[in-house]
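Hello,

Here is the structure you asked to look at. Please keep it open while you read the notes below.

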Amino acid sequence: RNAVCIVCTDQTKSLAFYRNAFNAEVIPGEVGTCTWLRIGDLPITLLANTSHPSRIHHCETAMAYIFLQTDDIRGAYERAVSNGALPIDPLRPDGENFIVADPDGILIEVLRADTE
């Protein structure tokens, strides 16, 4: 199975964050130590395999970067921030996107879905 793997410090905390902030669904039937999720059509695994959060700063070093799309950009921003996301590039009043960091510093850019 193809997927993005997010190495995290606390699998339970990351699972709650992605479920509450981005409506991630647990993919049933997976085995192993990873939790498998799906956000839209993007499969993600959560692997608690570190005790140090990311210290990456936006575009200063090579890094993984998650892109998501939504029809409700304002609602997505409010859910992300209220569930612990750190705003990196906050949503502007006329914004088409925003960038946040998850509880471990992983960067996530959310774009308004093309409605045409």
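**What was found**

Cys8 is buried, with a relative accessible area of 0%. Buried means under 20% relative accessible area, exposed means over 50%, and partly exposed is in between (1.4 Å probe, protein chains only).

A word on the basis. This is a predicted model, so local features need pLDDT of at least 70 and side-chain atom pairs count only at pLDDT 80 or more, while totals for chains, interfaces and linings use all residues. Residues are numbered from 1 along each chain as its sequence is written, and side-chain values use heavy atoms, with hydrogens and water left out.

**Cysteines**

How many disulfides does the structure hold? It holds 0. A disulfide here is a pair of cysteine sulfur atoms within 2.5 Å. For Cys8, the closest cysteine sulfur is in Cys5, 8.2 Å away, so that pair is too far apart for a bond. Cys34 also has its closest cysteine sulfur in Cys5. That distance is 5.1 Å, again too far for a bond. Cys34 is partly exposed, at 23% relative accessible area.

**Helix 1**

Helices (H or I, at least four residues) and strands (E, at least two) are DSSP runs, numbered from the N terminus. Helix 1 covers residues 11–22. Its expected span is 1.5 Å times one less than its number of residues. For 12 residues that gives 16 Å, and the end C-alpha atoms are 16 Å apart, which agrees.

Which residues of helix 1 are buried? They are Gln11, Ser14, Leu15, Phe17, Tyr18, Ala21 and Phe22. An α-helix has 3.6 residues a turn, so residues three or four places apart point the same way.

Now the start of the helix. A side-chain oxygen of Asp10 reaches to within 3.0 Å of the backbone nitrogen of Thr12. Gln11 has 18% relative accessibility and so counts as buried. Its side chain makes a polar contact with the side chain of Thr35, at 2.3 Å. A polar contact is a pair of N or O atoms within 3.5 Å; within protein, one must be able to donate a hydrogen and the other to accept it, and residues adjacent in sequence count only if both atoms are side-chain atoms.

Just after helix 1 comes Asn23, with a positive phi of about 55°. Asn23 sits in the loop between helix 1 and strand 2 (25–26). It is partly exposed, at 49% relative accessible area.

Strand 5 (residues 66–70) has alternating side chains. Ile66, Leu68 and Thr70 point to one face and are buried. Strand 5 runs parallel to strand 8 (residues 107–112), and 5 bridges join them. Two strands pair if DSSP finds at least two bridges between them. Gln69 stands opposite Leu111 in strand 8.

**Salt bridge**

The count is 1 salt bridge, taken as a side-chain nitrogen of Lys or Arg within 4 Å of a carboxyl oxygen of Asp or Glu. Arg112 forms it with Glu96, and the closest N and O atoms are 3.1 Å apart. Arg112 lies in strand 8 and Glu96 in the loop between strand 6 (86–89) and strand 7 (97–101), so the pair ties together parts that are 16 residues apart in sequence. Arg112 is partly exposed at 32% relative accessibility. Glu96 is partly exposed at 47%.

Best wishes
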